[in-house]
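Student: I would like to learn how to read salt bridges in a protein model. Could you take me through some cases?

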Amino acid sequence: MNKKGLVFIPFLIFFVFILSAFAFSGQEVKFDAESLRFSFTSGFLIGKGNVVFSFKNLRLYADYAEIDVKEKNILAKGNVRIFIFEKKGKVEEIKGKAAYYDWDLEYFFIDDMRIDISGGKLRGILHLKGDVLEYRKFKEERKIKILCGQLTTCKGDKPSYYFEAKRIMLIPGKRIYAWNVSWYEGKKRIVTFPYFIIFLDRQYQLPYIPKVGYSKSDGWFIKNTFNYFVDPYSWGTIYLDLYSKKGIGYGVRHEWEEKDYDIALSLYYFKYKKDKDRDFKTELTLSDWKIANFSGNLKLSYSTQGDLESATKKLYGELSLKGDKKFPLNLKLTYTGSGENTSDTEKITGEITYKDKLFNKTVDTNLKLKYVNSISGGSATPNLTGNLKLSYKKHAFNYSYKGSGEKFKDNTQKFMYTYNHTFSKELKDRFTLSYEIKNKEEYESADTYAKAENTLTYKDLSLFVSKYFDTDGGLFTDDDNFNFVERLPEIKYSPSTKKIGKTGLKYKYTILAGNYYEVGKEFNAQRYGAKLDLSGDIRFSRKSRISYLIYGEDYVYSTGDSQYSYGGELKLRANIGPKTIMETTFKQKNVKGDTPFTFDEISPYKSLSLSIKSREDMFKLSLSGGYDYLSKKYKKVVGTIVYEPSDVFKGSFKFGYDLNKGKWTKLTGNLKIKFANNWRINYSAALSTETMKITNNKVILTYSLPCEREVSLTYDQKKEEYWLEYNILAFPSPLISFGSGK
């Protein structure tokens with residue numbers, strides 16, 4: 001036999017083995033590097049230099065890698081980077097020195113790892129590193145476990161602060177768990193927690209530091225919280241609140257996560273010092289549970305306030321269901337009951353929405369229903385509204401309902417059908433047929449009418465026909481809309497705006513003629529009219545110009561009446577300083593004659609408005625006002641003044657003044673100052689226009705710490721509160737707060 005053939009046979013067997021092993025995995029595996037070789041001793045495929053490995057939604061880069069095709073795993077070393085591509089284009093990147101990946105079990109671990117976490121409710125980036133990271137995927141849930149981990153918002157290897165934990169578990173998009181957590185500022189340990197949870201998908205976070213403060217009504221208070229942890233799917237908080245004047249409160253909130261739903265249950269009880277009053281509240285929430293094609297949320301709460309014998313009780317329930325793509329129906333039901341008995345005052349609401357494409361996705365369907373019923377003293381006031389929209393190619397159907405009272409005896413129903421047809425690019429037609437039914441308890445029978453409209457458009461010419469039908473002969477009982485107008489027909493010619501040569505002038509005109517019947521007045525007449533607009537600009541410089549508009553319109557009627565109007569608009573925009581612009585606008589419309597109809601009455605006007613805007617290097621001004629000549633009243637003067645000489649100082653003042661009454665309507669100010677590098681103060685206040693005394697004072701003193709952290713002291717006069725907060729800006733809510741409240 002040929003020796004070359006004998007040499008080729010092992011390589012042929014090897015490649016057949018590789019291909020069959022990769023095919024057996026059921027998914028395409030890709031492996032590439034600058035140099036590839038097969039080790040017959042170990043049975044590994046070895047790659048060196050710019051190694052790229054990919055399987056499903058995972059891609060691995062490294063300097064060196066060994067693949068065990070038989071066992072379906074890869075060992076990578078040197079500048080390892082693993083990318084996990086998730087839905088909606090999200091990518092997770094994990095870095096490390098070495099990694100092992102089993103693509104059959106979809107499991108890997110990586111040494112000396114780093115990962116950045118963002119998105120969800122986080123307002124920044126969390127940098128996470130650890131000795132070893134372990135990644136597993138079970139069904140649809142992914143878990144990342146990290147040994148000897150460190151969490152911070154600082155960049156680099158020497159963070160100003162960090163949280164160090166012996167063990168961390170990350171469920172991407174949901175939570176970060178950490179056990180035996182120590183908080184360090186520099187090299188100094190501040191406090192140690194047995195465990196710590198950061199919720200990535202919600203604003204509310206577990207409290208870890210007691211809240212301490214003082215208020216006039218409560219005295220000194222301390223709100224203690226004791227968190228406990230059962231397992232990664234079950235945790236809770238015990239509350240013990242002490243008020244020196246008011247009393248003592250205690251409670252518990254427990255949350256646990258099951259496969260198909262999340263549950264939270266809370267109980268809270270407060271005992272007042274000086275009387276028999278008690279406060280009690282319990283709440284149960286069931287969220288993200290699945291039933292058929294729906295995901296649902298349920299919330300139930302019950303509370304009592306006051307003496308046990310005559311306590312005010314409140315019961316609240318809320319149920320919401322959200323359908324999936326196969327059945328996109330959403331449902332929301334709420335119930336509120338309060339009083340000495342929860343049935344004393346009740347409110348029930350229900351909402352249904354449905355939006356989908358039906359009949360092989362040919363019919364767009366949109367349904368909305370809302371029910372509200374308020375019950376007090378045995379008297380109910382139910383209301384029901386609904387709307388259904390259907391569209392199929394050129395056809396559209398709309399139905400609306402609005403009803404109220406007992407058995408919805410007072411109701412209005414509207415039906416509308418629309419047909420749009422395009423004969424050509426220039427010739428189009430739109431037909432609308434509507435029907436309305438009005439019922440009222442005092443009516444002997446329903447009031448009904450119909451309306452038909454058709455608009456035929458060819459280029460700039462349109463023919464409009466409309467007709468109302470009093471189908472019950474009741475002449476639209478108790479209807480004040482006497483401007484229902486029938487057009488039998490109306491012809492309108494209205495070309496687009498055109499230029500007059502190179503003069504810069506523009507003109508637009510409209511000519512119309514029609515036969516009209518105004519329902520209610522029982523009046524019929526013909527109307528002929530024309531309207532002309534002439535506009536242009538006169539420029540003095542790049543920012544200074546005069547814009548003008550001159551118009552006139554005239555209508556004559558077969559009754560011998562005539563109505564015409566003329567007027568214009570003059571706008572002056574001028575630079576009155578290097579960076580100061582003044583705009584003055586004068587508008588006027590004069591009306592002469594009369595119309596036999598109501599629908600086309602033209603109203604005159606005459607007004608002047610003035611505004612000034614200035615943007616100097618350190619100074620900004622905005623001022624506006626005006627005058628109405630017909631009502632002989634001034635428009636409210638509104639202004640803003642901003643002084644910002646540098647990025648460390650900014651002051652602003654807003655005001656409003658009523659010239660007619662000769663009084664201020666608004667006086668507010670804001671001051672922002674940065675000093676001593678990391679300090680800044682924000683002060684805002686309002687001046688009472690009645691007493692001319694300063695009110696609504698609010699002061700926020702903030703010290704910025706490295707790595708996007710800050711400590712702030714806030715005083716709010718309006719709420720009678722002050723708070724001292726320590727905030728890691730990336731976290732959804734402040735980590736520590738001390739303060740007072742009413």
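Student: Which residue forms a salt bridge with Arg-175?

Tutor: Side chains of opposite charge can pair when their charged atoms come close. A salt bridge here is a side-chain nitrogen of Lys or Arg within 4 Å of a carboxyl oxygen of Asp or Glu. In this predicted model, Arg-175 pairs with Glu-257, and their closest N and O atoms are 2.9 Å apart. This pair links distant parts of the chain, with Arg-175 in strand 11 (residues 175-185) and Glu-257 in strand 16 (residues 247-257), 82 residues apart. Strands are DSSP runs (E, at least two residues), numbered from the N terminus.

Student: Is Arg-175 buried or exposed?

Tutor: Buried means under 20% relative accessible area, exposed means over 50%, and partly exposed is in between (1.4 Å probe, protein chains only). Arg-175 counts as buried because its relative accessibility is 4%. Glu-257, at 10%, counts as buried too.

Student: What should I know about the numbering and the model itself?

Tutor: Residues are numbered from 1 along each chain as its sequence is written. As this is a predicted model, local features need pLDDT of at least 70 and side-chain atom pairs count only at pLDDT 80 or more, while totals for chains, interfaces and linings use all residues; side-chain values use heavy atoms, with hydrogens and water left out.

Student: Which parts does the salt bridge of Asp-112 and Lys-97 tie together?

Tutor: The side chains of Asp-112 and Lys-97 meet at 3.4 Å, N to O. Asp-112 lies in strand 7 (residues 107-117) and Lys-97 in strand 6 (residues 91-102), so the bridge ties together parts that are 15 residues apart in sequence. Asp-112 is partly exposed, at 37% relative accessibility, whereas Lys-97 is exposed, at 57%.

Student: Where does Glu-690 lie, the partner of Lys-663?

Tutor: Glu-690 is in the loop between strand 42 (679-687) and strand 43 (694-705), while Lys-663 is in strand 41 (residues 663-675), 27 residues apart. The closest N and O atoms of this salt bridge are 3.4 Å apart. Lys-663 counts as partly exposed at 33% relative accessibility, and Glu-690 is exposed, with a relative accessible area of 62%.

Student: How many salt bridges are there by this rule?

Tutor: The count comes to 21 salt bridges. Salt bridges can also form a network, and here one links Arg-487, Glu-490, Arg-527 and Asp-600.

Technical notes. Helix = DSSP H or I, 4+ residues; strand = E, 2+ residues; numbered from the N terminus.
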